[in-house]
Amino acid sequence: MRLGLQVSHFSWPGAPVSIGPTFGRIARDAEAAGMASLWVMDHFFQIRGIGPPELEMLEAYTTLGFAAAQTSRIELGALVTGVTYRHPGILAKTVTTLDVLSGGRAWLGIGAAWNEEEHRGLGVPFPPVAERFERLDETLRIVRQMFAGDDGPFHGRHYTLERTLNSPQPVRRPRPPILVGGMGRRKTLRLVATHADASNFFDVGPDGLRATCEQLRDHCAEVGREYADITKTVLTRISLSDRGGTAPSGERTMSVAEAVDKLGALAEAGIDDAILGMGNQTDPEVYALVAEVVRQVAGLRAEGR
């Protein structure tokens, strides 16, 4: 099992001046600890569940480009880009640029979008959910065409591109991995099986994740895709401390052993990679514990692989 880190909160003491140095240090510490990937949300307002919309939020791909310059190995992606935020051709160019300048470390994480408040606030059209999924399907087709170097036209219901030129091509081969976020059985998992290299699920517990993996397996069989070719990832919350328990801030933390047990249960449910949301991610001392978790979970294999 590989571990990634998602950074979703930027309202650190001294912000906005402190944001660049703090985020840069987090990126370097995560890489030094052996984490495989670094992710940011693709939002323009802070989201409910983390804080009010007025809290600091950075544009995703500018942030990832900054992280690329701070690091040399860790992979980089948005978890996940809303399909409504960027025209597909521009999105393909943006991810390709990140891939080229990072030396082949970019992912394209994408989903159907949901945050109506920031759409309305910034004047971004927010079509009904059925149309958003139609746009997601077309976008996945367009970016795959552009990543493959096919500069022919694309004519869809929602997007028409006369020439899908993408020069330079991505460094990573055969392409930057495409991850589709979400757990919807009828539409999302079908798109994963048809177009994606990876899926991302919420942590709904081992039983729920096992059931979702089986639903994805069924879609793979229907479209003639090898289930094992798709990396199953989960976004889960783990904050670490030496002994676990409750931190002075009131946050519940886990020891290394507790974290490894939790991640082992996710692997047994069919998960390949875990992306961690860490409440104490700004603490440099925590990354020594992260490194030990990375070492211990490296040998875990998803059930059924």
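Which residues does Asp197 touch, not counting residues up to four places away in sequence? The partners are Arg175, Pro176, Pro177, Ile178, Arg225, Asp229, Ile230 and Thr231, where touching, or contact, means heavy atoms within 4.5 Å. The views below start with the whole chain and return to Asp197 at the end.

This is a predicted model, in which local features need pLDDT of at least 70 and side-chain atom pairs count only at pLDDT 80 or more, while totals for chains, interfaces and linings use all residues. Residues are numbered from 1 along each chain as its sequence is written, and side-chain values use heavy atoms, with hydrogens and water left out.

**View 1. The chain as a whole.** The chain holds 9 helices and 13 strands; these are DSSP runs, with helices being H or I of at least four residues and strands E of at least two, numbered from the N terminus. Its C-alpha atoms fill a box of roughly 60 × 45 × 35 Å along the principal axes. A compact globule of 305 residues would have a radius of gyration near 19 Å, and the chain agrees, with 19 Å; the radius is taken over C-alpha atoms, and the globule rule is 2.2 Å times the number of residues to the power 0.38. Of the contacts with a separation of 6 or more, 70% join residues 24 or more positions apart.

View 2. Buried residues make up 54% of the 305 residues; buried means under 20% relative accessible area, exposed over 50%, and partly exposed in between (1.4 Å probe, protein chains only). The mean positions of the 33 positive and 37 negative charges are 3 Å apart. Here Lys and Arg count as positive and Asp and Glu as negative, with His and the chain ends not counted; each charge is placed at NZ of Lys, CZ of Arg, CG of Asp or CD of Glu.

**View 3. Leu263 and the nonpolar cores.** Within the largest nonpolar core, which has 81 residues, Leu3 and Leu263 touch the most other members. Another core lies apart from it and has 6 residues, among them Leu79, Trp107, Leu179 and Ile275. A nonpolar core is a set of buried Ala, Val, Leu, Ile, Met, Phe, Trp, Tyr and Cys residues joined through side-chain atoms within 4.5 Å. Beyond its neighbours within four places in sequence, Leu263 contacts Met1, Leu3, Ile238, Ala274, Leu276, Val293, Val297 and Leu300.

**View 4. Gln281 in its loop.** Look for Gln281 between strand 13 (273-277) and helix 9 (286-297). Gln281 counts as buried because its relative accessibility is 4%. Not counting residues up to four places away in sequence, Gln281 touches Leu5, Gln6, Val7, His9, Trp12, Ile26 and Tyr287.

**View 5. Backbone details.** Most residues other than glycine have a negative phi, and most peptide bonds are trans. Cis peptide bonds join Ser167 to Pro168, with omega about 5 degrees, and Arg173 to Pro174, again with omega about 5 degrees. Pro168 is in the loop between strand 7 (160-161) and strand 8 (178-181), and Pro174 lies in the loop between strand 7 and strand 8 as well. Ala113 has a positive phi, near 70 degrees, and is found in the loop between strand 5 (108-111) and helix 4 (116-122). With a relative accessible area of 14%, Ala113 is buried.

View 6. Ser255 lies in the loop between strand 12 (252-253) and helix 8 (256-268). Its relative accessibility is 11%, so Ser255 counts as buried. Leaving aside neighbours within four places in sequence, its contacts are Leu240, Ser241, Asp242, Arg243 and Gly244.

**View 7. Back to Asp197.** Asp197 is found in the loop between helix 6 (188-195) and strand 9 (198-202). Val180 is 17 residues from Asp197 along the chain, and their C-alpha atoms are separated by 8.2 Å.
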